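Student: I have a model open and want to learn how to read its features. Where do we begin?

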Amino acid sequence: MRLWRWRSNPLRRRSDLVEAWIVLAGWVFALVGGLLVGLATADAVEAAAERQRAQVHEVSAVRVEDDKDRVPARATTDYRMWATVRWTEPDGSTYTDEARVPSGTRAGSTVTVWADANGHITAEPLTDGETRLHAVAGGVLAAVGAGGAVLGAGWVVRLRLEQRRLAQWAAEWERIDTRRGWRTG
């Protein structure tokens with residue numbers, strides 16, 4: 001009974017066959033399209049993480065001031081403070097910027113920070129494990145979103161088809177009622 005819309009049957013309407021093909025095509029496109037979109041998204045996330053790793057480098061910076069009037073960073077479990085640090089690049093240029101450092105660090109202490117090519121402090125790049133996790137999560141979300149969009153579009157098409165069938169049915173009842181000269185409703 002599952003494939004009744006494809007079987008030859010005198011009661012099968014053309015719209016039943018169209019609906020069966022819409023359902024089949026919707027599921028195939030949702031699964032295959034979702035898989036392809038998910039894989040492409042995962043590759044894009046991994047490529048972005050690789051670009052980030054290539055654009056930043058680790059530097060040893062010296063803390064310039066003590067944390068007399070400094071407030072801890074927003075996260076209460078982090079125990080880091082915003083402080084001014086200074087470092088020298090291999091080409092001899094010196095940079096000064098704000099970075100989050102451990103709260104017990106005194107002025108003159110060496111801290112490790114990450115900087116970009118322009119001499120601005122950036123976040124530490126993602127590790128391989130974090131990159132993999134982000135890629136998998138992004139790929140799964142993109143796959144589910146793409147598949148859901150396809151299935152949603154198929155549902156809308158089926159809804160329109162059902163409205164069309166009901167309108168045809170109402171018109172057929174109207175034609176039968178007026179031929180006999182009386183109305184049922």
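Tutor: Begin with Trp-155, which lies in helix H2 (residues 128–180). Helices are DSSP runs of H or I with at least four residues, strands are runs of E with at least two, and both are numbered from the N terminus. This is a predicted model, so local features need pLDDT of at least 70 and side-chain atom pairs pLDDT 80 or more, while totals for chains, interfaces and linings use all residues. Residues are numbered from 1 along each chain as its sequence is written, and side-chain values use heavy atoms, leaving out hydrogens and water.

Student: Is Trp-155 buried or exposed?

Tutor: Buried means under 20% relative accessible area, exposed over 50%, and partly exposed in between, with a 1.4 Å probe and protein chains only. Trp-155 has 53% relative accessibility, so it counts as exposed.

Student: How far apart are Trp-155 and Ile-22 in sequence and in space?

Tutor: They are 133 residues apart in sequence. C-alpha to C-alpha, they are 9.0 Å apart in space.

Student: What is the strand order in the open sheet?

Tutor: Sheet strands pair through backbone hydrogen bonds, either parallel or antiparallel. Two strands count as paired if DSSP finds at least two bridges between them. Here 5 strands form an open sheet in the order S3-S2-S1-S4-S5, with antiparallel pairing. S3 and S5 are at the edges with a single partner strand each, so one side of each has no neighbour in the sheet.

Student: How many bridges join S1 to S2, and how many join S1 to S4?

Tutor: S1 (residues 56–63) is joined to S2 by 2 bridges. Arg-63 stands opposite Val-85, and Val-62 has Arg-86 as its bridge partner. On the S4 side there are 7 bridges. Ala-61 stands opposite Val-111 there.

Student: Which residues lie nearest the centre of the largest pocket?

Tutor: First, the term. On a 1 Å grid over the protein atoms alone, a pocket is an open set of points where a 1.4 Å probe fits, with protein on both sides within 12 Å along at least five of seven lines; lining residues have an atom within 4 Å of a point. The lining here has 15 residues, with Arg-80, Arg-100, Thr-112, Val-113 and Thr-122 nearest the centre. Strands S2 (80–88), S3 (94–102), S4 (110–116) and S5 (121–122) each give two or more residues. S3 gives the largest share, 5 residues.
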